[in-house]
Amino acid sequence: MRLDKMLSECGLLSRKETARAVRTGQITVGGVPAKSADMQVDPTRDTVTFAGTPVQYRKYVYIMLNKPDGYVSATEDGRDPVVTELLPDVYRKMELFPAGRLDKHTLGLMLLTNDGQLAHRLLSPKSHVEKSYAFKVKFPLSGEDREALEHGVDIGGYVTRPCRVTLEGEREGIIAITEGKYHQIKLMMSAVHNQITYLERRTFGPLTLDPALARGEWRELTEEELAALREH
């Protein structure tokens, strides 16, 4: 692997910045000043340092984020703040993106990564990855409403798959779905003549939102969480 590619994938330096750092002697490979930005290195064997600090190579990163209100699930937007702005620059340089979308005013669990293959598998309609949401609605939900939601409702020419609805009161509960149509839960509630007033994703496949994360806070996945995600 080229040295500049390695440092770029680590989110430390762009290729131009790597070339500049090589010229000023800030990068060493195996204790020897790097000769060029395009020199070949083995990230698993060679000891690379930048400004005296060892570089730990990681091609992929996996972040759990507690999405706050008002943020768009994207890497850029012309009007509103995006979820990647909540991360430090080193992660943003690694080109992380949201695996799936939450509406602007939907809160809770998001997975951010630069692992496109894993994200594709998790989001594929064939995977049936379950996602659960805590919700509140404007009007009381009847038992008939719950049964209709669980069996599938028409949300504009599309009938939703069966889901699970656990009521925790007349106007709140948990809904677990295995698809992710645009505004799906809001449209499902509209189909039973109701209106979402609060929506928070609690789980995504085997991942559960860490209660220690305040709105807008994040952390990397643990090895156990990542292993469960890959096996799911």
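1. Glu200, Arg202 and Arg215 are linked in a network of salt bridges, a salt bridge being a side-chain nitrogen of Lys or Arg within 4 Å of a carboxyl oxygen of Asp or Glu. Glu200 counts as buried at 6% relative accessibility, whereas Arg202, at 35%, counts as partly exposed; here buried means under 20% relative accessible area, exposed means over 50%, and partly exposed lies in between, with a 1.4 Å probe and protein chains only.

2. On the basis of the values, this is a predicted model, in which local features need pLDDT of at least 70 and side-chain atom pairs count only at pLDDT 80 or more, while totals for chains, interfaces and linings use all residues. Residues are numbered from 1 along each chain as its sequence is written, and side-chain values use heavy atoms, with hydrogens and water left out.

3. As to the chain as a whole, the model has seven helices and 13 strands, where helices (H or I, at least four residues) and strands (E, at least two) are DSSP runs numbered from the N terminus. The radius of gyration is 22 Å, well over the 17 Å that the globule rule gives for 232 residues, so the chain is more spread out than a compact globule; the radius is taken over C-alpha atoms, and the rule is 2.2 Å times the number of residues to the power 0.38. Along the principal axes, the C-alpha atoms fill a box of roughly 70 × 35 × 35 Å.

4. Buried residues make up 44% of the 232 residues, and the chain exposes about 12,600 Å², of which carbon and sulfur atoms supply 49%; the areas come from the Shrake-Rupley method with a 1.4 Å probe, and for residues only the protein chains shown count as cover. Among contacts between residues at least 6 apart in sequence, 64% join residues at least 24 apart, a contact meaning heavy atoms within 4.5 Å.

5. The search of the whole structure finds 14 salt bridges, and two further pairs may be set side by side. Arg58 forms a salt bridge with Glu220, with the closest N and O atoms 2.6 Å apart, and this pair links distant parts of the chain, since Arg58 lies in the loop between β4 and β5 (62-67) and Glu220 in strand β13 (residues 218-220), 162 residues apart. Arg58 is partly exposed at 29% relative accessibility, and Glu220 is partly exposed at 27%.

6. The other pair is Glu9 and Lys5, whose closest N and O atoms are 2.9 Å apart. Both residues lie in helix α1 (residues 3-9), four residues apart, about one turn of the helix. Glu9 is buried, with a relative accessible area of 17%, whereas Lys5 is partly exposed at 33%.

7. Four strands form an open antiparallel sheet in the order β2-β1-β3-β4, two strands being paired if DSSP finds at least two bridges between them. β2 (32-33) and β4 (53-54) stand at the edges, each with a single partner strand, so one side of each is left without a neighbour in the sheet. Strands β1 (residues 27-29) and β3 (residues 48-50) run antiparallel and are joined by three bridges, with Val48 in β3 as the bridge partner of Val29.

8. Strand β7 (residues 107-113) is mostly covered, seven of its seven residues being buried. Six bridges join β7 to β5 in the antiparallel sense, Gly108 in β7 being the bridge partner of Lys67. β7 also pairs antiparallel with strand β6 (residues 97-98) over two bridges, where Phe97 stands opposite Thr113 in β7. With β11, by contrast, β7 runs parallel, and two bridges join them; in β11, the bridge partner of Gly108 is Arg201.

9. In helix α6 (residues 184-191), the buried residues are Gln184, Ile185, Met188 and Met189. Seen down the axis of α6, these fall within an arc of 135 degrees, so they line one face of the helix; the arc is that of the directions from the helix axis to the C-beta atoms. The buried residues of α6 pack against β8 (131-137), α5 (143-151), β10 (172-177) and β11 (196-204). α6 is followed by His193, whose phi is positive, near 60 degrees.
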